[in-house]
Amino acid sequence: MRNLFSPSAGRGTPDPLAVAAVGASLALAGIGYAFWRRTRNAETDRDDIATDAPHWTLDKPSARALFGKSVLVNRPRTDLFAAWKVERFPEFMENVVSVEPLGGGTARWTIKGPMGREVHLVNSITESIENETISWQSEPESEIANSGEVRFADAPAGRGTYVTLILAYDPPAGKLGRLGAKLLQREPEVQARRDLHRFKQLMETGEVTSNASPSARKSESPVEPHI
Amino acid sequence: MRAVTWQGRHKISVETVPDPEIVNPRDAILHITSTAICGSDLHLYDGYIPGMRAGDIVGHEFMGEVVEVGSGSTLKKGQRVVVPFTISCGACFFCEKQQFSACDNSNPSETRDASELLMGHAMGGAFGYAHLTGGYAGGQAEYVRVPYSDVGPVIIPDDLPDDDVLFLSDILPTGWHAAVNADIEPGDTVAVWGCGPVGLFTIQSALLLGAGRVIAIDHFPARLRLAKQLGAQILDYKQVDVREALNEMTGGIGPDACIDCVGMESHGFTPDNILDQVKAQFYSVTERPHALRQAILACRKGGRVSIPGVYGGFADKFPLGQLMEKGLTVKSGQTPVQKYTGQLLKMIQDGKFDTTSLVSHHAPLEDAAEMYRHWHGEQNEYTKIILKPGLEKGAIEAKKEIAHV
């Protein structure tokens, strides 16, 4: 996993000094870029140019972490809307332990968090338009304040449906906590993106894709997926 | 079971690992009877492909007998099947367009992130080929799990021996796809760089698709001899300036189509390749695309460049201006194997392809490490190796001892 992004994977250990130098230059470049972005965004805000870009792709500063992801699913919109229901969530939402309905469109969610902990959310559906969209908003007792929406829209030329998941939330322990959770693969954005892909797999192929297969790594089982 | 595993650069070992199991309804388990070492396995061997992990089971050219099926599989126990190296669901947008190698479901959620980061979009899944393509165990083993077994595997009639059909898994469709991508017109001169197994199938395919002449380029005498046997004219790049020879053979205009069957690790003592070698050692490039550079410069104006050769990332000194100014059409991609297997099986049965001359060795699975060393270091003598699980260690058959050749 450590070498997953590196073209040098498996080709001996790189010189730590070289790695440090590369790291330092990347960090410097990153800081420079952030400043440039901030200046550019400030200019853009003054001159409010219309855009057709989805709102979640705009680099607007926001108090909450905002995430949106669309997938093309090769099935009719009505089938997908019908399948997007609490009873089926455990089939494709890997980190959802349980969803307990409390009545009136409110439900208590138990979700796997970092380091084996569980996180509890209490969310209420605020709007549901048949075959189009479902929106929700968290209640005050929710451990993470969040709101979101799932949208179903026809893809052009009979190519199926664009399914979009939009999620806004207050990262527990702020930005640092979010980074930590990301590293542990238990961050809501990572979870939601993967769950959305699992939904697509399930709807198109009838099963959730798994690479479960043997390896010579003692820590792995041939029936469990691995990275 | 016993399986061939990648342990690091130039480290291959045969290990005892757990047997695969049915995980999803559409799965099947095969008992492998034949499995070949591919040229692209050398890119793993040399550590050029990112995303390998020590302990990965390799191998993506394999066939065998169905021993177990899930409830959604259409296969039956006892059937002999060849399995495409591309794992494809058959139901997504891409599979419906027959772009099977671009399948949008076969790369699992857990591994697709890294693939998306590197390539812009997640690649389709493949057997035994790095975690960027899904991290599936490969078929250089006694058994393998085959997902979506109702879509990929090709059922083989009993009268066809393994050697005749094994290459339906990759290199035959890949050679065919390379020639199809060259949009060959009747009478065309087609130049093919690399007379490895894919190059040899590309030569045959180009002639079958109407090329007037195929000119094959390599430097290993045995491989050039095979190319000539299959009907190509040959150029040894150690004896001639390839571009000059190609121009002089085509009245100065160059070949109509150029096909790069070499990929990311070009041989050749040329300034650009030496520079690429040095840079690759310092991890500043992932490719050594000398053959592709030459193909672009050699191709006639308005001609076609087809790239079945494997590349992994970022290339240096890429002749982009030449590509644009000459108005070349480029087609490339991993082969959508499932698109071609039915048609090609029929062509094998009709005797259109020579699928066996290129096989130089049959060896036991247990001798895989040694075979990878030969495949890497002695490319003149070793033109294609087929591994056989079950053969006793050391029972290696060189070509002249194989009965049917």
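# A guided tour of chains A and B

Buried residues make up 57% of the 405 residues in chain B; a residue is buried if 20 or more other C-beta atoms, placed from the backbone, lie within 10 Å of its own, exposed if 12 or fewer, and partly exposed in between. The model is predicted, so local features need pLDDT of at least 70 and side-chain atom pairs count only at pLDDT 80 or more, while totals for chains, interfaces and linings use all residues. Residues are numbered from 1 along each chain as its sequence is written, and chains are lettered from A and ligands numbered from 1 in the order in which they are written.

**Chain B as a whole.** Select chain B. Its secondary structure comes to 13 helices and 19 strands; helices (H or I, at least four residues) and strands (E, at least two) are DSSP runs, numbered from the N terminus. Along the principal axes, the C-alpha atoms of chain B fill a box of roughly 60 × 50 × 40 Å. Of the contacts in chain B with a separation of 6 or more, 74% are between residues 24 or more positions apart; two residues are in contact if their C-beta atoms, placed from the backbone, lie within 7 Å.

**Helix H6 of chain B.** Next, select residues 197-208 of chain B, which form helix H6. Ten of its twelve residues are buried, so H6(B) is largely enclosed by the rest of the structure. Among the buried residues are B:Leu200, B:Phe201 and B:Ile203. The buried residues of H6(B) pack against elements of chain B including helix H5 (171-181), helix H7 (221-229), S11 and S14. After the helix comes B:Gly210, with a positive phi near 105°.

**Strand S14 of chain B.** Now select residues 257-260. B:Ala257 and B:Ile259 point one way from S14(B), B:Cys258 and B:Asp260 the other way, and all are buried. In general, side chains in a regular strand alternate between the two faces of the sheet. Strand S11 (residues 189-193) of chain B runs parallel to S14(B), joined by four bridges; two strands pair if DSSP finds at least two bridges between them. B:Val192 has B:Ile259 as its bridge partner. Three bridges join S14(B) to strand S15 (residues 304-307) of chain B, also parallel, and here B:Cys258 is partnered by B:Val305.

**Where the chains meet.** Show both chains. Here 47 residues of chain B are in contact with 37 residues of chain A. On the side of chain B that touches chain A, helix H3 (109-119) is one of the elements that supply at least two residues. H3(B) gives the most, with seven residues.

**The sheet of chain A.** Finally, select chain A. Seven strands form an open sheet in the order S1-S7-S6-S5-S4-S3-S2, with antiparallel pairing. Strand S1 (65-73) and strand S2 (96-103) of chain A stand at the edges, each with a single partner strand, so one side of each is left without a neighbour in the sheet. Nine bridges join strand S6 (residues 146-154) of chain A to strand S7 (residues 161-169) of chain A, and A:Ala153 has A:Tyr162 as its bridge partner.

Key
The expected span of a helix is 1.5 Å times one less than its number of residues.
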